[in-house]
Amino acid sequence: MNPIDIIIKKRDGNVLSKEEIEFFIDRFYKKEIRDYQMSAWLMASFIRGLSKEEVKHFISAILRTGKILEWDFQVIDKHSTGGVGDKLSLIVVPLLASLGFKVAKLSGRGLGHTGGTIDKLEAIPGFKTNISLKKFKKIVERIGCSIISQTEELVPVEKDIYSLRDVTGTVDSIPLIASSILSKKIAGGAKTIIFDVKVGSGAFMKDIKDAKELTSWLIEIGNSFGKEVKAVISDMEQPLGFAVGNLLEVIEAIETLKGKGPRDLEELAIEVVGTLTSKDLAGESLKNGDAFKKFTEMVDAQGGNITELTPLASVYKFSIQESGYIERLDAYLIGEAVRVLGAGRYKKEDTIDPNVGIVLKKKIGDFVETGEIILEIYYNSENKLKDSIELIKKAISLNKNEVKRRPLIYSVYS
Ligand code: URA
């Protein structure tokens with residue numbers, strides 16, 4: 001076998017065998033196949049597609065490069081395909097634990113305009129996300145939940161493949177996204193995986209047809225690896241909740257865990273937890289403080305301190321000289337507006353500012369008077385503020401006629 005024949009075979013639209021895919025991934029992992037060859041293969045796979053069988057072989061090959069976590073009890077993992085203002089994991093993980101489930105979540109950092117759970121957790125002073133797998137397991141066993149960053153020990157080659165996809169225009173392919181997500185989730189060893197598949201301007205999937213297609217791939221392939229897979233498809237045309245930006249999102253998540261969060265965030269948290277258990281119990285746990293208590297136990301166990309969570313930033317109040325109903329609050333552009341403030345990265349090595357971000361005062365369907373505040377911008381640099389405002393202006397449009405509120409949940413697979 002040689003790598004060039006495998007690239008040509010895929011370039012010409014043929015189906016690769018298990019042996020060919022394993023050979024290609026193994027050799028790439030050993031650095032015998034170069035980045036440019038993997039990039040060519042990824043582009044061929046992006047254009048020609050991969051069958052579900054090929055994706056299963058691709059996942060198995062990725063899993064062979066690392067270890068798979070083993071648990072003495074059944075654990076649950078929750079994964080979002082990525083969005084803006086999406087702090088749902090900070091709520092759902094302790095909420096599930098407060099209802100008696102064991103939740104072990106391996107999370108990532110922000111990607112492009114989307115935020116990442118690890119960056120959010122690291123906005124909490126002292127919170128450690130890179131603890132050992134041994135300690136991770138102990139915390140899950142003792143408290144019921146823990147969230148840590150993806151480790152090199154699990155699927156090391158996936159990170160290298162993802163980095164190449166990020167810079168070769170090969171991210172938004174359903175087979176490649178399904179392989180990337182499922183390989184990481186399967187390596188985490190959870191028996192049950194709940195997916196929150198996002199759809200809209202701020203998501204990888206821009207329309208509902210693609211979101212449904214990705215969901216069916218995640219379910220079918222996840223099942224073939226012996227996983228129980230649940231899923232919710234939810235809206236990402238506008239940000240989730242009001243806060244976008246790491247510390248601001250932690251604060252909003254805590255409010256939600258205390259039963260005082262934005263309606264959409266609470267509704268989605270309950271719907272996601274409802275794929276496994278009673279929605280009434282989930283709502284109760286947010287109201288009676290149980291979910292918040294679990295969150296504080298997890299924060300304590302991972303060295304964090306939430307007594308003093310105040311964003312250190314100046315605040316700019318954004319308004320426009322026009323009145324009407326909000327018709328567009330483009331999640332992608334808002335995500336970019338928050339990234340330019342310093343909440344996200346452009347290069348891997350960029351450091352992020354946990355204090356900056358945006359707090360929306362209005363959502364799609366709300367009426368704004370001329371000059372009324374639509375959102376607040378938390379910033380630490382005048383230049384970045386200027387760039388952010390330019391993006392925000394493009395993100396918002398008003399309509400004189402009444403505008404319907406957007407649906408939040410499109411489909412539930414429980
Ligand atoms: N999230 C991932 O982990 N991988 C993808 O390919 C896309 C989103």
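Reader: Into which domains is the chain divided?

Author: Domain bounds come from an automatic or database domain assignment. Here they give domain 1 (3-49), domain 2 (76-301) and domain 3 (314-399). The centres of domain 1 and domain 3, taken over C-alpha atoms, are 41 Å apart. This is a predicted model, where local features need pLDDT of at least 70, side-chain atom pairs count only at pLDDT 80 or more, and totals for chains, interfaces and linings use all residues. Residues are numbered from 1 along each chain as its sequence is written, and side-chain values use heavy atoms, with hydrogens and water left out.

Reader: Which residues are around the ligand?

Author: A residue is near a molecule if one of its heavy atoms lies within 4 Å of it. Here these are Tyr-162, Arg-165, Ile-177, Ser-180, Ile-181, Lys-184 and Phe-204.

Reader: Which helix gives the most to the shell around the ligand?

Author: Helices are DSSP runs of H or I, at least four residues, numbered from the N terminus. Helix 9 (174-187) and helix 8 (156-167) each supply at least two residues of the shell; helix 9 gives the most, with 4 residues.
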